[in-house]
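Me: I would like to go through this model with you, beginning with the overall fold and then moving to particular sites. Could you keep the answers plain?

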Amino acid sequence: MKSKDIGPIPIIDNEQTKKLVGILTDRDLALKIVADGRDPKSTKAEEVMTREVVTCLAEDDLQMALDAMSGHKLRRIPVIDI
């Protein structure tokens with residue numbers, strides 16, 4: 001993530017459905033791996049990812065996305081296409 005300058009990584013269930021099942025953030029890594037003293041090489045993304053992901057739809061207006069981000073204190077939210 002650092003070398004590619006990537007903050008959040010969306011986690012999908014599989015390549016066919018591409019259903020969003022979680023998101024892995026730098027905060028997840030800091031709190032759930034580093035702070036807990038876990039081994040990052042043996043820890044799976046599903047063990048530390050955020051499962052309840054706040055999203056917006058591509059057709060949502062910008063204010064809806066901003067309100068969701070503000071209400072949940074998020075810097076980023078995934079835009080999904082159902």
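Me: What does the secondary structure of the protein chain come to?
Reply: This is a predicted model. The protein chain has three helices and four strands. Read from the N terminus, the elements follow the order β-β-α-α-β-α-β.

Me: What box do the C-alpha atoms fill?
Reply: Along the principal axes, the C-alpha atoms of the protein chain occupy a box of roughly 40 × 30 × 25 Å.

Me: And how much of the chain counts as buried?
Reply: Of its 82 residues, 21% count as buried. The chain exposes about 6500 Å², and carbon and sulfur atoms supply 53% of that area.

Me: What share of the contacts joins residues at least 24 apart?
Reply: The share is 34%, taken among contacts between residues at least 6 apart in sequence.

Me: Turning to helix H3, which of its residues are buried?
Reply: H3 spans residues 62-71, and its buried residues are Ala65, Ala68 and Met69. They lie on the same side of H3, because the arc they cover around the axis is only 95°.

Me: What covers them?
Reply: The cover over the buried residues of H3 includes strand S3, residues 56-57.

Me: Which exposed residues are on the face turned away from the buried side?
Reply: That face of H3 carries Ser70 and Gly71, which are exposed.

Me: Now the pockets. What is the volume of the largest pocket?
Reply: The largest pocket has a volume of about 450 Å³. Its lining consists of 20 residues, and those nearest its centre are Thr25, Arg27, Leu74, Arg75 and Arg76.

Me: Which element gives the most to that lining?
Reply: Helix H1, residues 26-34, gives the most, with five residues.

Me: How do the lining residues divide by class?
Reply: In the largest pocket, eight are nonpolar, four are polar and eight are charged.

Me: You listed Thr25. Where is it placed, and is it buried or exposed?
Reply: Thr25 is in the loop between strand S2 (20-24) and H1. Its relative accessible area is 17%, so Thr25 counts as buried. Apart from neighbours within four places in sequence, Thr25 is in contact with Met1, Gly7 and Pro8.

Me: Staying with this region, is Asp28 buried or exposed?
Reply: Asp28 is buried, because its relative accessible area is 5%, under the 20% limit. This residue lies in helix H1.

Me: What is Asp28 in contact with?
Reply: With neighbours within four places in sequence left aside, Asp28 is in contact with Ile23, Ile33, Val48, Met49 and Thr50.

Me: What about the second largest pocket? Which residues line it?
Reply: Its lining is made up of Pro10, Ile12, Thr17, Lys18, Lys19, Leu20, Pro78, Ile80, Asp81 and Ile82. By class, six are nonpolar, one is polar and three are charged. The volume of the second largest pocket is about 160 Å³.

Me: Lys18 is in that list. What is its phi?
Reply: Lys18 has a positive phi of about 55°, although it is not a glycine. Most residues other than glycine have a negative phi.

Me: Where is Lys18 found, and is it buried or exposed?
Reply: Lys18 sits in the loop between strand S1 (9-12) and S2. Its relative accessibility is 52%, so Lys18 counts as exposed, the cut-off for that class being over 50%.

Me: Then Lys73: which loop is it found in, and what is its phi?
Reply: Lys73 is in the loop between H3 and strand S4 (79-80). Its phi is positive, at about 55°, and Lys73 is not a glycine. With 77% relative accessibility, Lys73 counts as exposed.

Me: How far apart are Lys41 and Lys2?
Reply: In sequence they are 39 residues apart; in space, the C-alpha to C-alpha distance between Lys41 and Lys2 is 16 Å.

Notes:
Residues numbered from 1 in each chain as written. Predicted model: local features only at pLDDT ≥ 70, side-chain atom pairs only at ≥ 80, totals over all residues. Heavy atoms only, no water. 1 Å grid on protein atoms, 1.4 Å probe; cavity = no way out; pocket = protein on both sides within 12 Å on 5 of 7 lines; lining within 4 Å. Points joined across faces, edges and corners; volume = space filled by probe spheres on them. Helix = DSSP H or I, 4+ residues; strand = E, 2+ residues; numbered from the N terminus. Nonpolar A, V, L, I, M, F, W, Y, C, P; charged D, E, K, R; others polar. Buried < 20%, exposed > 50% of the residue type's maximum accessible area, 1.4 Å probe, protein only. Contact = heavy atoms within 4.5 Å. Areas by Shrake-Rupley, 256 points an atom, 1.4 Å probe, with all protein chains shown as cover. Arc of directions from axis to C-beta.
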